[in-house]
Amino acid sequence: MIAETVCSAVSAAGLGIAAVTAYRKRLLAAARIAAYALVPLGLVMTGVVDWLADTAFSPTAWAGFGLLGLSWALFATTRTVERRRGGTRKERRAARAGARPEAVAPGASAPSLGQGSRPAARPAPASRGEDDFSDIEAILKKHGI
């Protein structure tokens, strides 16, 4: 009862504002304001406001929303786990059946542990002032600026 009264008052106020706006020769804005003002009245007349009021104060409705939230969380969790594992169970079985036991190339049976042809060179630490602008200079040179 109170919700219907409030919605009707909001609609009346909005239509009043629309009338003042139309009087000032801003007809497009007045039509838009009137459209927004008629929405609460339409919701009251269709029964949506009653349904929302009944739903807001119903413990059964809140339990239903809780179950819907739980259902959504379960779907999201299973989808995330499925993505991390690499697909569905059927896809994983197919991948295992087609996978070879060799994980490396046939010619690379032993890893190369010796030193490379040239020693790893570390750049000399630059002074703090030059280091700040060296990255910027490199980027500018890269782009030809």
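Guide: We'll go from the overall fold to charges, surface patches and one backbone angle.

Visitor: Start with provenance. What kind of model is this?

Guide: It's a predicted model.

Visitor: OK. How many helices and strands in the protein chain?

Guide: Six helices and zero strands. Along the sequence the pattern reads α-α-α-α-α-α.

Visitor: What share of the residues is buried?

Guide: Buried residues are 10% of the 145 in the protein chain. The protein chain exposes about 13000 Å². Carbon and sulfur atoms supply 65% of that area.

Visitor: And contacts? How much comes from residues 24 or more positions apart?

Guide: They account for 34% of the contacts with a separation of 6 or more.

Visitor: Switching to electrostatics. What's the salt bridge count?

Guide: One. E82 pairs with R79, and the closest N and O atoms are 2.9 Å apart.

Visitor: Where do E82 and R79 lie?

Guide: Both are in helix α4. They sit three residues apart, about one turn of the helix.

Visitor: What about E4, buried or exposed?

Guide: E4 is buried, yet it has no salt bridge. The nearest side chain of opposite charge is R32, 28 Å away. In general, side chains of opposite charge can pair when their charged atoms come close.

Visitor: Which helix holds E4, then?

Guide: Helix α1.

Visitor: What is E4 in contact with, leaving aside neighbours within four places in sequence?

Guide: V44 and D50.

Visitor: Now the surface. Which residues form the positive patch?

Guide: R85, R89, R93 and R96. Helix α5, residues 89–98, gives the largest share, with three residues.

Visitor: Where does R85 lie?

Guide: In helix α4, which spans residues 59–85.

Visitor: Why does R85 count as exposed?

Guide: Because its relative accessibility is 57%, and exposed means over 50%.

Visitor: Fine. Which residues make the nonpolar patch?

Guide: V39, L43, V48, W51 and L52. Together they have about 450 Å² of accessible area. Two elements, α2 and α3 (48–56), each give two or more residues.

Visitor: Which of them gives the most?

Guide: α3, with three residues. V48 has its place in that helix.

Visitor: Why is V48 called partly exposed?

Guide: Because its relative accessible area is 32%. The band runs between the 20% and 50% cut-offs.

Visitor: Last topic, backbone. What's the phi of K25?

Guide: Near 70°. That is a positive value in a residue other than glycine. Most residues other than glycine have a negative phi.

Visitor: Where is K25 placed?

Guide: In the loop between α1 (2–23) and α2 (27–46).

Visitor: And is K25 buried or exposed?

Guide: K25 is exposed, with a relative accessible area of 73%.

Note on methods
Residues numbered from 1 in each chain as written. Predicted model: local features only at pLDDT ≥ 70, side-chain atom pairs only at ≥ 80, totals over all residues. Heavy atoms only, no water. Patch = residues over 30% accessible without salt bridge, like charges linked within 9 Å, V, L, I, M, F, W, Y side chains within 5 Å. Areas by Shrake-Rupley, 256 points an atom, 1.4 Å probe, with all protein chains shown as cover. Salt bridge = Lys/Arg side-chain N within 4 Å of Asp/Glu carboxyl O. Lys, Arg positive; Asp, Glu negative; His and termini not counted. Charge placed at Lys NZ, Arg CZ, Asp CG, Glu CD. Helix = DSSP H or I, 4+ residues; strand = E, 2+ residues; numbered from the N terminus. Buried < 20%, exposed > 50% of the residue type's maximum accessible area, 1.4 Å probe, protein only. Contact = heavy atoms within 4.5 Å.
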